[in-house]
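Here is a short tour of a protein model and the two ligands it holds. Have the structure open as you read.

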Amino acid sequence: MALDQAVAAAHAPVSKARYDCWTICLHWLTALLVVGLFAAAYVWNSLPPGTPLRKWLQAIHISFGLLFTVVFVIRLFWRSSRGRRLATEADAIGILSKGMHILLYALLTAQVLLGFLLRWAQGEPFLFFGLFSVPSLFGPDKALSHIFEWLHNYTAWIIIILAAGHAIAALTHHYLLRDDVLKRMLPFN
Ligand code: HEM
Ligand code: HEM
């Protein structure tokens, strides 16, 4: 890159920058999986116990939960190494949005750990699309399983409510403030 281009890039307004394609791809994959995992659980909860569809949705939730774990670990790794982090404004909104992102990362980490603990405490098959089984770290425990189920369920609700607030904030930037906060996370402009 020519020197004048490098200087111009360094002085370009932060908001004009875009996230790299891996960050964009991992963000939307995370969002899709989180919403899908939540929806699957709420569909099976409306079905009578023991029905084949209910059992299938639970198995699918666990397999996609394992897939989500892999995507999320890659995302954390990418963000902390080569992934592009864009500077946020140092005002109250910037601090609030950074706080929201940190909270979402923390809750998603807790949700993955709770998912594993719940399955181990249930003592039921822990399969990845029928391909292999995740080894258990401890035996079945009914009391613990109720506690982890309760925590996993409420954490899911908090994630969905915060993610909805986060999405509304992004849409407000786009349609009311008319800046490029949303555009820089979109795969196209
Ligand atoms: C952000 C990701 C996730 C969300 C939003 C989510 C959401 C939920 C919800 C709402 C339930 C129903 C709880 C209830 O009925 O009380 C559930 C159940 C469950 N989840 Fe997740 N979950 C996620 C990730 C995971 C992961 C990563 C695993 C493990 C690999 C996992 C394993 C389970 C298990 C074992 C159950 C109980 C299934 C059964 O009743 O047989 N979840 N999840
Ligand atoms: C379950 C759904 C979602 C989750 C868990 C989620 C999570 C996150 C996280 C953790 C970040 C921080 C990225 C980083 O700096 O590493 C982020 C950024 C972002 N998200 Fe989401 N998100 C979700 C859905 C959405 C939706 C539906 C929209 C748009 C309508 C959206 C728009 C954005 C934008 C524009 C950014 C960049 C903000 C900035 O540069 O300051 N997200 N998201």
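## Around ligand 2

Let's start with ligand 2, which has 19 residues around it, the closest being Y19, H27, R79, Y105 and H166. A residue counts as near a molecule if one of its heavy atoms lies within 4 Å of it. Sorted by class, this shell holds 13 nonpolar, 3 polar and 3 charged residues. Here Ala, Val, Leu, Ile, Met, Phe, Trp, Tyr, Cys and Pro go down as nonpolar, Asp, Glu, Lys and Arg as charged, and the others, Gly among them, as polar.

Helices α2, α3, α4 and α5 each give at least two residues to the shell around ligand 2. The helices are DSSP runs (H or I, at least four residues), numbered from the N terminus. As for close atom pairs, a side-chain N or O atom of Y19 sits 2.7 Å from an oxygen atom of ligand 2.

## How the model is read

This is a predicted model, where local features need pLDDT of at least 70 and side-chain atom pairs count only at pLDDT 80 or more, while totals for chains, interfaces and linings use all residues; side-chain values use heavy atoms, with hydrogens and water left out. Residues are numbered from 1 along each chain as its sequence is written, and chains are lettered from A and ligands numbered from 1 in the order in which they are written.

## The iron of ligand 2

Which residues are the protein donors of the iron atom of ligand 2? They are H27 and H166, each through NE2, lying 2.0 Å from the iron. Donors are N, O and S atoms within 2.8 Å of the metal (3.2 Å for Na, K and Ca), and sites may look incomplete because water is not among the atoms. H27 belongs to helix α2 and H166 to helix α5, so the pair ties together parts 139 residues apart in sequence.

## Ligand 1 and its iron

Over at ligand 1, 24 residues form the surroundings, and N45, H61, G65, E149 and H152 are the closest. Helix α4 gives the most to this shell, with 7 residues. By class, the shell has 12 nonpolar, 10 polar and 2 charged residues. A polar side-chain atom of Q58 lies 3.4 Å from an oxygen atom of ligand 1.

The iron atom of ligand 1 is coordinated by NE2 of H61 and NE2 of H152, at 2.0 Å. H61 lies in helix α3 and H152 in helix α5, so this pair ties together parts that are 91 residues apart in sequence.

Terms used. A polar contact is a pair of N or O atoms within 3.5 Å; within protein, one must be able to donate a hydrogen and the other to accept it, and residues adjacent in sequence count only if both atoms are side-chain atoms.
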